[in-house]
Amino acid sequence: MNSRFFISLAVRNIKSNQQLYMPYLLSSTAIITMFYLMSSLLTNKFVQERSSVLPTLFAMGTIVIGIFSFIFILYINSFLIKRRKKEIGLYGILGLEKKHVAKILFFETLITTFVSIAGALILGQIFGRLFFMLLNYLLRLPTNINYSTSPMTALVTAGLFAGVFAITYLYNVSQFTFANPIKLLKGKKEGEKEPKGSILLFVLSIVLIGWGYGISLTIADPLSAISKFFLAVLLVIMGTYLLFITGSIYILKALKKNKRIYYRPGPFISISGMLYRMKQNAVGLANICILASMVIIAVSTTVTIFVGTEETLENRFPNENNMTLNGTDLSQEELNTQFVGLQGKFREEAQKMELKVTDMESYRYLTVFGNLEGDRLVFEEGFPAANAPLYIQVLLLEDFNEMAGKQVELSEGEALYYHSEGALNQQNIVIGDQKFNLKEADYDFEGEAAIVTTMVLIVPELSQIEMISEINKKELPQGNPASIDAFIGWNTDGTNAQKKAFGEQMKQLSFGSESLSFESREAFREEWYSMNGGFLFLGIFLGLLFMIGTVLITYFKQVSEGFDDREKFQIMQKVGLDKDMIHESTRSQIVWMFLLPIVTATIHVIFAYPIVRKMLTVFGVTSEITWLLSFTGVVIAFSAIYWMIYRITSRVYYSIVK
C-alpha cells in the first residue's frame, strides 16, 4: 500500500467525521491565531517605543498564551480521539496493522496541522489589521496605532504549533498501540466510569493557588511586582487546572457520600451528572476561567490607566513647569548662582507673556542609592530590576523650609528624615564618619507615587551634602558620580492654551546653560493621552482576543457535552424520569457550569489586585477608587457577555440532546 492510499483514506476520514473535525479545526485555528496576534505585539512599534515595561509584559503574556494553547489543543484532541476509538478499533478488526493505522493518523495530523497553522497565519494578518482599524476608528486617538508583524513571528508560530501537533500525533498513536481492538471498540464508553478524585492533587491545587495569591499579597515594590507577576500567573494557572480537574471531583464525591443530600431526585441527577462532566470538561472550564481572568485584568487595568491620565500627569509633573539644573559639570558656586538667578528669569518670562507666577518650589538635592544596615547607610548602585536599593534624596534645610513653609531649626549633627514606609526604628544614621541624630519631618513627600522605597534626608548645611557626595564617590569609585542638582517647579495663571504656549517658549530657552532640562505638563498632555490611549487600545484588543477564545471554548464544551449526554438522557427517560425533572436537573448543572469559571476568575482577580496595583504605580496611577470602579464595571460587562454566550451555546446543547 503506497502513501497515496493512506492520504486518500485520511482525507475521507476527515470528511466523514466533519462533525467532529470542524469544531476541532476552528478551535485550533482560533487559538493559534490568538498566539500569533499576541506574539506580533512584541514587534509592534507602539509597544517598543512607549514603555520599557510593555515588551516584558507582552513577552510574559505570549508565554502564558503559548502554554494555554498547548493545553487546549491537547484537550480538544483527546476529545476527538476518544470519539474515534471505535473507528480505529475497526481498522484492526478489518486487518490493518498498527503501522498502517499510524500512517493514516500521521496524514490526518499533517492535514489538520497545515490547515490550522496556515489558516491561523492568514486570519492573523486579516483580523489583526481589521481589529486595529476598528479600534483606531472607535477610540479616535491623536495618533493611529498600526498593526505589524514579521516573517520571524510567523515562523516561530508555525514551528511551535507544528511541535504541538506532533505531540498530539504521538498521543493518538499511543492510544491504539497499547490497546487491543476490542478495548478500542469500547473506548468511547470509557468516560462512563466513575472518575476518581485525588486529595493530594486537590491539596496541591490549593497550595499552588495560595502560593500565587501569597506573592501578590506580599509584593514589596513595583519593580519586584513586574518580575514576580509572571511566576504568580503561572502558579495560579497550574493550580486552577488542578482545582477543576481533581478538586471539583473530590468535592462532588464528598457530596455524593452525604446520603441526606445525594439521595433525592434533584441532587442525585445534578451531582452524578456534574461528576461525569467535570471529568470530561474540567479542562474546558479551567480554560474559560483563565481567559476570563485575562480579559478582566487586561481591560480593567488599561481602562484605569486611561481614566487616570490626569492623575498620572499630576504625579509625573508635580508642577505645570518643571526645570532641572544638572550640577555634574558645574561648581557649587555656579550651581548656586544659576539656582537663584533662574527663578527671577522665569518670573520675567512669564510677565512678558502677560502671565503671573502663582506657585514656585525650588530646592537643591543629591540623589544616591543604598540600604540601611542597622543605623549605617551603605551606598549601592542605582536600580537593578530586582532587589532595588533605597532611593535617597538629600536636601538642604533652608530649601526645605522655603518649600514646606516651615521654620524648622536643626542643631549641628541633627537631620530630618521622611521615609515612604513610615517612621524608622533607628534614632541615628551614620554616613561615612558622619553621624546624624534623626527627627521625623512633618511633611508628605508623596511617597505613595514612588515606585521604590524612598527616603528624604534634610541636613542643615550645604557642606554636609557635599560631604555625603564625596563619601558616595569614594565608596563607589566605579559608579556614576552623584552630583548636587537643583529643581525649580512653578505654576502660572492663564488658560490652558496660554500655559502650553508658555511651556513651549520656555523649552526653547536655555538661558545660556546646557545643564538645563525643562518639561511642561501642558506640552506633554496630548502626548500623554495618546500614550495612555494606546494602552487602552492594547487592553481592548487583548480583551477581544481572549473573549473570542472564551466563545470558542464555551461552544466546543457545549457541543461535546451534548454528544456525551444524549445517551444519558435517553436512558434516564427509559427508567421512568419525566422530561421536566431531567430538564430541571440539567439546567441546574448548566448554571453551576456557568458560575464556576466566572466566580473563580473574579476571586483570582481580587487576589491579583495588590500586585496589579503595584504595577500600575509604574504608570503613575495610584488611585484605588479608579481601579475598583474599572474592575467592577469590567466584571459586570464580562459576566453579561458571558451569560449571553452561554444562553446561545446552551440552545446548541439542548438541540443535540433532544
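In helix 15, the residues Leu397, Asp399, Phe400, Asn401, Met403 and Ala404 are buried, where buried means under 20% relative accessible area, exposed means over 50%, and partly exposed lies in between (1.4 Å probe, protein chains only). This helix spans residues 397-404 and is mostly covered, with six of its eight residues buried. The cover includes helix 14 (332-352), strand 2, strand 4, strand 5 (414-419) and strand 8 (454-459). Gly405 follows helix 15 and has a positive phi, near 70°. Helices (H or I, at least four residues) and strands (E, at least two) are DSSP runs, numbered from the N terminus.

The model is predicted: local features need pLDDT of at least 70, side-chain atom pairs count only at pLDDT 80 or more, and totals for chains, interfaces and linings use all residues. Residues are numbered from 1 along each chain as its sequence is written, and side-chain values use heavy atoms, with hydrogens and water left out.

**The chain as a whole**

The protein chain has 20 helices and ten strands. Of its 658 residues, 52% count as buried. A contact means heavy atoms within 4.5 Å. Among contacts between residues at least 6 apart in sequence, 82% join residues at least 24 apart. The chain exposes about 31,300 Å², and carbon and sulfur atoms supply 60% of that area. Accessible areas come from the Shrake-Rupley method with a 1.4 Å probe; for residues, only the protein chains shown count as cover.

**Aromatic pairs**

Rings of Phe, Tyr and Trp (its six-membered ring) pair if their centres lie within 6.5 Å; planes under 30 degrees apart count as stacked, over 60 as edge-to-face and the rest as tilted. By this rule there are 17 aromatic pairs. Two of them are set out below.

| Pair | Centre distance | Plane angle | Class |
|---|---|---|---|
| Phe369 and Tyr391 | 5.7 Å | 50° | tilted |
| Phe638 and Tyr642 | 6.1 Å | 10° | stacked |

Phe369 lies in strand 2 (residues 357-373) and Tyr391 in strand 4 (residues 390-396), so this pair ties together parts that are 22 residues apart in sequence. Phe369 is buried, with a relative accessible area of 17%, whereas Tyr391 counts as partly exposed at 22%.

Phe638 and Tyr642 both lie in helix 20 (residues 624-657), four residues apart, which is about one turn of the helix. Both of these residues are buried. Elsewhere, Phe346, Trp490, Phe502 and Phe518 form one aromatic cluster.

**The surface**

A nonpolar patch on the surface is formed by Ile199, Leu200, Leu201, Val203, Leu204, Val207, Tyr250, Ile251 and Leu255, with about 750 Å² of accessible area together. Patches are made of residues with over 30% relative accessible area and no salt bridge; like charges are joined within 9 Å, and nonpolar side chains (Val, Leu, Ile, Met, Phe, Trp, Tyr) within 5 Å. A salt bridge is a side-chain nitrogen of Lys or Arg within 4 Å of a carboxyl oxygen of Asp or Glu.

Helix 9 (199-217) and helix 10 (222-257) each supply at least two residues of the nonpolar patch. Helix 9 gives the most, with six residues. Val203 is found in helix 9 and is partly exposed, with a relative accessible area of 42%.

Lys474 lies in helix 16 (residues 462-475) and counts as exposed at 70% relative accessibility. The C-alpha atoms of Lys474 and Gly432 are separated by 9.7 Å, although the two residues are 42 residues apart along the chain.
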